Amino acid sequence: MLMPFTLKNIRRAINRFNHLNKAWTQIQKSGVSSYASSSSPSNLVLYSYWQSSCSWRIRFALCLKGIPYEYKAVDLLKGEQFSPEFERLSPLHYVPVLVDDNVVVSDSFAIFLYLEEKYTQKPLLPVVPQLRALNLQVASIVNSSIQPLHMINVLKDMEEMFGAEPELWAQFTIDKGFFALEKLLKDFSGTYATGEHIYMADVFLAPQITQALQRFDIDMKHKIAGAVKGGFIYIKTLIP
């Protein structure tokens, strides 16, 4: 049985992020391409898809750090990631991509570290080496050992090449990852995943939990030990 950090420690981060999700919905519907503050012009441009958990990580980080940016939507369902313009920015055709003047960074892990090093306000990595390494490990597990294994193209290949059930494969990879996270975080969790402050671990965990709940309909209550009755319903209300 998994530890309670999944509900107890992440729900505040998700709650704090809800208002930005509403803004993204308005952006998508209205076609507005900028999330930059009118009083604080920004050179940052984020190429993003609203349902991408990898893109969500960076929008989350930008929001928490208070960094204005221009939002450019890339509709993956329409194949816009294969356009010549976007291919020049991301040869793998993946979102997100961050453009900062003449600097182009793809991959959410790399983008996060770039933002953390250049924009030092409201740091999302702790100074204490042990906690810093812990946050990097959590983010790496999500970024390398969970999310890539249930990408749409991977699930399609697994089904076509090996006859694997996509949903079962996704659940297996997510379960395996969360069991590893349990062992890693069991002695560190507090108000948030690694203590009393929102850090990189929370930024990477929140989108992954959303994917498990909404995309794969995984019963996360079996991954929340000690949660009060109805806690599963509560966390679902925190995720738009």
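Trainee: Which residues form one aromatic cluster?

Mentor: Please bear in mind that this is a predicted model. Aromatic pairs number 3 in the structure. One aromatic cluster is formed by Phe109, Phe112 and Phe204.

Trainee: Why is the pair of phenylalanine 112 and phenylalanine 204 classed as it is?

Mentor: The ring centres of phenylalanine 112 and phenylalanine 204 are 6.0 Å apart, and their planes meet at 75 degrees. Planes over 60 degrees apart count as edge-to-face. The pair of phenylalanine 112 and phenylalanine 204 is therefore edge-to-face.

Trainee: How many residues apart are phenylalanine 112 and phenylalanine 204, and are they buried or exposed?

Mentor: Phenylalanine 112 belongs to helix H5 and phenylalanine 204 to helix H9 (residues 200-215), so that the pair links distant parts of the chain, 92 residues apart. As to accessibility, both phenylalanine 112 and phenylalanine 204 are buried.

Trainee: What is the geometry of the pair formed by tyrosine 47 and phenylalanine 86?

Mentor: Tyrosine 47 lies in strand S1 and phenylalanine 86 in helix H4 (residues 84-89), 39 residues apart. Both tyrosine 47 and phenylalanine 86 are buried. Their rings stand 6.0 Å centre to centre with 55 degrees between the planes, and the pair is tilted.

Trainee: In what order do the strands of the open sheet lie, and which are the edge strands?

Mentor: The open sheet has 4 strands in the order S2-S1-S3-S4, with mixed pairing. Strands that pair on one side only are the edge strands, namely strand S2 (70-73) and strand S4 (103-106).

Trainee: In which sense does S1 pair with S2, and in which with S3?

Mentor: Serine 48 stands opposite alanine 73 in S2, whereas leucine 44 stands opposite aspartate 100 in S3. S1 and S2 are joined over 4 bridges in the parallel sense. Strand S1 (residues 44-48) and strand S3 (residues 97-100) are also joined by 4 bridges, and their directions are antiparallel.

Trainee: What is the handedness of the β-α-β unit made by S1, H3 and S2?

Mentor: Helix H3 (residues 53-65) lies across S1 and S2, at about 150 degrees to S1. The β-α-β unit of S1, H3 and S2 is right-handed.

Trainee: Which strands does helix H5 touch?

Mentor: Helix H5 (residues 108-118) packs on the sheet, and its direction makes about 135 degrees with that of S4. The strands touched by helix H5 are S1, S3 and S4.

Methods: Residues numbered from 1 in each chain as written. Predicted model: local features only at pLDDT ≥ 70, side-chain atom pairs only at ≥ 80, totals over all residues. Heavy atoms only, no water. Pairing = 2+ DSSP bridges. Helix = DSSP H or I, 4+ residues; strand = E, 2+ residues; numbered from the N terminus. Contact = heavy atoms within 4.5 Å. Axes fitted to C-alpha atoms, helices over the stretch in contact; angles between N-to-C directions. Right-handed = clockwise from strand over helix to strand, strands pointing away. Phe/Tyr/Trp six-rings, centres within 6.5 Å; stacked < 30°, edge-to-face > 60°. Buried < 20%, exposed > 50% of the residue type's maximum accessible area, 1.4 Å probe, protein only.
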